[in-house]
Amino acid sequence: MQSESANDRWPIVLGLFAAGNLVNATWMLASPAHWYLNLPANIPGTGPLNEHFVRDIGCIFLLLGLALAAGVFVRRLRLPAMVLATAYSLLHAFVHVYDSARGLFEPGHWRVDVAPIYVTTMLSLWLTLKLAREEREVDSAHR
Amino acid sequence: MTRATAVIAGAILFTLPFQMYGRGSSHHGGDAEPHADHEPRHGGLVVMVDDHHLEIVANGDRVEVYVTDALRRPVQPIGGSVVFDDAARAALTWSGYRLVANTPTPLAWGDYEVQLDGGSVLAIRVPAGK
């Protein structure tokens, strides 16, 4: 019979999510210009580089990455970390919906956003809700 | 949740911070057709040279040159030079994310030469200030 911790896969999810945030944060903080030019994307298409803003946003990713990494080791921090990371992604997705609707993006741009932004954010939301449900069940079982 | 599901879900979430500012974040360009976008990104003058775009920005006592390809994706040149008003030559040096040269003032014309990795040279004569 496997122990509860052996069946606990959440450290894998949180660990990988943390790694993505920390790698991106390190890149943004260490070399904003390199990040601006080399992220496989068209960041310059959004306007000129503002190194200060890139580092500002890098700080957010750093905090999210640290929170998620802490959740790998401290069980009670998992849900707050996932909630924060998902909330940031969700708010960012809403900004894209709003900017697509008001015409800041070119017509049809929403299709480009579907996989990288909307679907991935929905996955993060689903995982957060699943984690919340499981944590609630664990709490109930321990009472 | 199985280990495989956790790894796949985690791997997708790993990409999320990059995807947020990836292809889906561009206002224009990137996935446009070649040469369909000549909009300045930095308030300068956009000119086409061969299959590339140069955006030339007069910024106080210096000029900045942003080099992009046909799809307006940034390109890092290896160097360049500019001759102002057929007289004063200045080196264009890479500074973070664009080429920069100090300028004498006032200016009328600039003859720009930008050397790309691979040996080709983009040369154009444009009004020096905008």
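**Close look at one loop**

Author: At 58% relative accessibility, Asp86(B) counts as exposed; buried means under 20% relative accessible area, exposed over 50% and partly exposed in between, with a 1.4 Å probe and protein chains only. This is a predicted model, in which local features need pLDDT of at least 70 and side-chain atom pairs count only at pLDDT 80 or more, while totals for chains, interfaces and linings use all residues. Residues are numbered from 1 along each chain as its sequence is written, chains are lettered from A and ligands numbered from 1 in the order in which they are written, and side-chain values use heavy atoms, with hydrogens and water left out.

Asp86(B) is placed in the loop between β4 and β5 of chain B; helices (H or I, at least four residues) and strands (E, at least two) are DSSP runs numbered from the N terminus. Although Asp86(B) is not a glycine, its phi is positive, about 60°. Asp85(B) belongs to the loop between β4 (79-84) and β5 (88-95) of chain B, and its phi is also positive, near 50°. With 32% relative accessibility, Asp85(B) is classed as partly exposed.

Asp86(B) also takes part in a salt bridge with Arg125(B), whose closest N and O atoms are 3.1 Å apart; the term denotes a side-chain nitrogen of Lys or Arg within 4 Å of a carboxyl oxygen of Asp or Glu. This pair links distant parts of the chain, since Arg125(B) lies in strand β8 and Asp86(B) in the β4-β5 loop, 39 residues apart. Arg125(B) is partly exposed, at 39% relative accessibility.

Arg98(B) lies in strand β6 (residues 98-102) and Glu64(B) in strand β3, so the pair ties together parts that are 34 residues apart in sequence. Both Arg98(B) and Glu64(B) are buried. Over all chains, the count comes to eight salt bridges.
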